[in-house]
Structure formats: structure tokens, C-alpha cells
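Look at the structure below and consider where empty space is left among its atoms. Rolling a probe the size of a water molecule over the atoms shows where such space is left.

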Amino acid sequence: MVSPLKLIVTSWRWLVGKTGSARETLHHGFLVSAFFIGLISALFNSLLGLTLPAYNIVLVITSAFIALMWYRSRFHGEFQRMAWLFCALVTFVMLPGNWLFNHGATGPTLLFYLMASAYVLAVLPADPKRRGIIVIGLMFMPWALLAFEHARPGLVSSYASEGMRFLDMGFSYTLAFGLLSVVIAGYARRIHEERDIANAYAARLERLSLLDSLTGLYNHRAIHEQVEAWIRRSQSACLLICDLDHFKLINDSWGHQVGDAVLVLASRALKHTLRQHDHVGRYGGEEFLVILPGLEAEQARNLAERIRVAIGEVMMDLPGGQHLSLSASLGMTSVSATHPVSVDVLIKQADTALYQAKSCGRDQVVVMV
């Protein structure tokens with residue numbers, strides 16, 4: 001059997017929506033609260049005779065209109081429109097009417113103006129013109145109503161006794177506390193939501209700061225840091241420098257757009273050939289730096305050969321029915337847990353091996369121990 005508390009919580013989540021933004025949730029929660037407050041106030045006023053019967057009927061009709069706004073916002077995606085409409089209705093119609101028929105400055109309307117202000121500042125869409133109208137209305141409408149009451153006190157209803165005022169104000173403070181709870185919960189959720197968005201953006205920016213924008217591989221700084229990390233942890237690994245052959249000629253003959261496409265295709269071939277826990281980054285213009293952890297020299301050489309073959313299988317169609325094939329030269333060295341060396345020394349060794357590979361005719365792997 002479902003407990004009453006769980007049923008209430010489930011119903012509330014359905015009323016305010018589970019998947020909307022914090023602003024939408026706050027808006028729906030405030031509308032639902034305003035709907036019930038309107039009905040309860042009409043009943044309370046009728047039982048105690050605080051207001052005219054006609055005004056209580058108006059409260060019921062207004063509550064029905066609020067329910068319609070909630071329905072349009074909740075199920076028809078009209079949050080922006082309904083938020084603006086409800087803010088305008090509260091500021092310029094509902095609260096001024098409550099002022100006139102619910103005892104003016106001595107009644108609870110000023111308190112509800114404060115609740116409405118907290119709601120509006122959290123929910124109102126960031127349209128400068130509309131937002132300005134509502135904010136100015138919330139600031140100066142109470143002044144206008146106070147001035148009107150001062151000039152025409154007979155047009156504003158008054159309490160029959162202090163006892164009636166005590167009951168009305170106590171009841172209104174209780175309702176205002178409920179509204180304030182909804183608003184504070186909405187602000188809290190919005191803070192958490194914006195914090196999560198900020199963290200997601202920060203993580204994305206951090207990730208982008210590590211990647212080369214063209215190939216999606218690690219950039220020079222990031223792959224250099226990966227090499228440093230392996231040396232710092234004194235773990236064995238092999239290091240490759242892969243250089244695309246005659247890349248300058250490709251750029252000079254076909255333009256940098258084709259050259260960029262070649263780099264993208266070569267980086268894909270690299271990623272598809274390497275193991276999941278290998279690390280690869282774009283080290284220079286057409287150079288790629290690869291870390292192969294946990295492999296013996298012969299195993300690493302075999303993987304380097306597979307990389308060379310994979311890049312050699314890359315074909316690119318060019319204008320005029322021509323085709324461009326690639327080749328790569330690779331220099332390899334290793335770092336041992338028993339004989340650690342600096343990053344600069346390790347890269348220099350791989351670079352020397354790469355130079356030998358190019359000097360010996362390119363499209364080959366040279367190992368320097």
C-alpha cells in the first residue's frame with residue numbers, strides 16, 4: 001500500500017513536471033500553489049465573511065484560469081508565454097484587485113507582492129522589455145495602490161474587527177510561507193542545475209584544451225604530458241614518432257584543404273590500428289606521437305608496422321579522377337622501468353630513428369634502443 005506522503009510527493013512531481021528546467025518546475029509549482037490558494041482563500045473568506053461574495057466568485061474563476069495556464073504550460077510547451085501572462089496577471093490584475101477587496105494596506109496584499117516578486121525574478125523570461133514592464137510594475141504598483149487608498153479610503157474594504165484582521169493575516173502568512181517554500185525550492189534547483197551546466201562546460205573545455213581541433217587526437221601539450229606521466233611512474237613503454245611522407249608536396253600540389261583531409265584520414269587509421277589503452281597525439285604539422293605501454297620492443301615494432309601498413313592503405317579521391325595514396329615513416333624507441341630517461345632524451349631518440357627511416361627511403365620503421 002502506498003503511503004500518503006509518497007502519494008503526495010509523486011503527485012507533486014507530476015504536477016510540476018520531472019523533465020523540465022528549474023525555471024519551468026518553479027513556474028508550474030507556483031501556478032499549482034496559486035490555484036489552491038485561490039480556492040482556499042475563497043472558502044476562507046466565505047466562511048468568515050471577510051470579503052464580498054462576488055469577490056470570492058472572482059477568486060474561483062481566477063483559480064480556474066490559473067489551472068488552464070498550468071495545463072498549457074505543462075502539456076503544450078507554452079512555458080514562456082504562460083509565464084509572461086501569469087506575471088502580468090498577478091502584477092496588474094490579481095494583486096490590485098486583492099488590495100481593493102481584501103482590506104488594502106492593512107491586509108495581506110503587500111506580503112503577496114513580495115512572494116510574486118521572488119517568483120517573477122526567478123521565472124520571467126529574459127526579454128528586456130517585458131521583464132522591465134513586470135519589474136517596474138512590481139516596484140511601483142504598491143505605491144500607486146497606497147496613494148489611491150490614501151486619497152479614496154472609502155473605496156477600499158476594511159476589517160469588521162481586529163479579530164478578523166488577526167485571523168486573515170495569520171492565514172495569509174501561512175499561505176505565503178507555502179509560496180515562499182516553493183520559490184526557495186525552485187531557486188535551489190536552479191542553482192544546482194546551473195552548477196551542473198557550468199561543470200559540464202568546464203569538463204568540455206578541459207577536454208577540448210587537450211585535443212587537436214582538426215584530428216581529435218591529443219594536442220602537442222597533452223601527448224607530451226602523457227609521456228612525462230609514464231616516465232614519472234617509471235613504467236615501461238615504447239614511443240613512436242610517425243611522420244607522413246611528402247606531406248609538404250601534398251599541401252603545395254593540392255592545397256591545405258586536401259592536406260587537412262589527409263591528416264584526418266591518417267589519424268583515423270592510427271586510432272583504428274592502436275589498442276584501446278595506447279595514447280596518440282598530433283605532435284607537429286604531420287607528425288604523430290604514439291605511446292605503447294606494456295609492450296616489448298619486438299611487439300611494439302610489429303604494431304608500428306601495422307600502423308605503417310594501415311596508413312599506406314589510405315586512399316583519397318582527388319579532382320579529375322586522380323587518387324592520392326599515403327605512406328609514413330616511423331621512428332621508435334623505448335623507456336624502461338629500470339633505466340628511466342628524460343622526455344627530451346626519449347623524444348630525441350625516436351626523432352633520430354625517424355630521421356634514419358626517412359634517409360633510408362621512407363615508408364619504413366626504424367628502432368633505436
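The paragraphs below go through the pockets and then the cavity.

This is a predicted model, in which local features need pLDDT of at least 70 and side-chain atom pairs count only at pLDDT 80 or more, while totals for chains, interfaces and linings use all residues. Residues are numbered from 1 along each chain as its sequence is written, and side-chain values use heavy atoms, with hydrogens and water left out.

The largest pocket has a volume of about 540 Å³. A pocket is an open set of points on a 1 Å grid over the protein atoms alone, with protein on both sides within 12 Å along at least five of seven lines, and lining residues have an atom within 4 Å of a point. Grid points are joined across faces, edges and corners, and a volume is the space filled by probe spheres set on the points. Of the 31 lining residues of the largest pocket, Y55, L59, M94, L95 and N98 are closest to its centre. The most, 8 residues, come from α4.

The second largest pocket holds about 220 Å³. Among its 13 lining residues, W12, V16, T25, A185 and R189 lie closest to the centre.

A cavity is a set of points where a 1.4 Å probe fits but cannot get out. There is 1 cavity of 30 Å³ or more. The lining of the largest cavity consists of V227, W230, A237, C238, L239, I291, V335 and L346. β1 gives the largest share of this lining, 3 residues. Helices (H or I, at least four residues) and strands (E, at least two) are DSSP runs, numbered from the N terminus.
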